[in-house]
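Subject: Structure handover

Hello,

Here is the structure for you to look through. My notes on it follow below.

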Amino acid sequence: MAISEGGLLTDEIRQKVWPKLLNVNTNDPPPISGKDLRQMSKDYQQVLLDVRRSLRRFPPGMPEEQREGLQEELIDIILLILERNPQLHYYQGYHDIVVTFLLVVGEGLATSLVEKLSTHHLRDFMDPTMDNTKHILNCLMPIIDQVNPELHDFMQSAEVGTIFALSWLITWFGHVLSDFRHVVRLYDFFLACHPLMPIYFAAVIVLHREQEVLDCDCDMASVHHLLSQIPQDLPYETLISRAGDLFVQFPPSKLALDAAAQQQAERTAASTFKDFELASAQQRPDTVLRQRFRGLLRPEERTKDVLTKPRTNHFVKLAVMGLTVALGAAALAVVKSALEWAPKFQLQLFP
């Protein structure tokens, strides 16, 4: 449901489903701290500044008193997660993700969900350096190259790089989209899928704007300015479907070598995210998905661009990947065969 058209539809449903997608027990009490974190935290001043700048992330017309109360809760959630997980480092934009969970599920549950998210999907963004974040960004151009070599070569000639997509990636588009409905729709999708799905979605945005990019002057300033101004009227459901197709046709393992050529590979959350590595003893997810994908195309269509192929029941394929999250610890007892289907070069890149 989170993957299919329209997503989870209401916040009431999200309050029930998001914890399941992250394998968080809603019956467990939210974490608390007896310490005065605002006095002790080295990140307090930066968090305070970022939260004060987050006015536009709250619904228009919200009473000032209510909004200020939520901002105080936002600060407390962030500081508590950082205090409980000293290996995590705050980054500007993290609050854009936290405020989304706060507005949907409330302070207590948001703390539990974001803590889980921070130690899994977002972990690479919370390293002491940006090395792993850059490595993930380096997957963007190989995806574009696989689908549209002309667009890829144009962007390479312009030397635009991938920095325009940094805020998209580290905030899950929460910072750049003004309509909260679109933000939570994307969160439905990302929570139900592989941790690298946001970079696939970033790629389909660029591919969707192909003609605009090619009409630009072929220089860094022009192309960067165009791409950094993300349109607010994107066809989100179409792009979500295309991102799913790209993930199935060009899984992260296929992109690893190309990404490594741009930056020395490092150990990333996407390579060690156990919920997605697990496979049943009888089925190997990547093999099953590839077979289904190939079986849905007639021979003459298999050479066509993935973005022009007929819409198929790709949601089922993505759901297979997404459901492994919900399996959580139970799946751990069933299987330990993930490494059997991982390509050898991925093991070399992510030892």
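Of the protein's 351 residues, 54% count as buried. Buried is under 20% relative accessible area, exposed is over 50%, and partly exposed is in between (1.4 Å probe, protein chains only). Please note that this is a predicted model: local features need pLDDT of at least 70, side-chain atom pairs count only at pLDDT 80 or more, and totals for chains, interfaces and linings use all residues. Residues are numbered from 1 along each chain as its sequence is written, and side-chain values use heavy atoms, with hydrogens and water left out.

Overall picture. The protein has 22 helices and zero strands. Both are DSSP runs, numbered from the N terminus: helices are H or I with at least four residues, strands are E with at least two. The accessible surface is about 16300 Å², and carbon and sulfur atoms hold 52% of it. Those areas come from the Shrake-Rupley method with a 1.4 Å probe. Among contacts with a separation of 6 or more, 80% join residues 24 or more positions apart. A contact means heavy atoms within 4.5 Å.

Helices α3 and α4. Helix α3 covers residues 44-52 and helix α4 covers residues 64-84. Their axes come within 10 Å and cross at roughly 145°. Axes here are lines fitted to C-alpha atoms over the stretch in contact, with angles from 0 to 180 degrees between N-to-C directions. From α3, the contact uses Tyr44, Val47, Leu48, Val51 and Arg52. From α4, it uses Gln71, Leu74, Ile75, Ile78 and Leu79. By class, that is eight nonpolar, one polar and one charged residues. Nonpolar means Ala, Val, Leu, Ile, Met, Phe, Trp, Tyr, Cys and Pro; charged means Asp, Glu, Lys and Arg; the others, Gly among them, are polar.

Helix α8. This helix runs over residues 140-147, and six of its eight residues are buried. They are Leu140, Met141, Pro142, Ile143, Ile144 and Val147.

Glu115. This residue lies in helix α6, residues 107-118. Glu115 counts as buried because its relative accessibility is 12%. Leaving out residues up to four places away in sequence, Glu115 touches Pro31, Ile81, Arg84 and Asn85.

Cysteines. How many disulfides are there? The count is zero, with a disulfide taken as a pair of cysteine sulfur atoms within 2.5 Å. For Cys216, the nearest cysteine sulfur is that of Cys218, 9.4 Å away. That is too far for a bond. Cys216 is buried at 19% relative accessible area. Cys218 is partly exposed at 40%.

Best wishes
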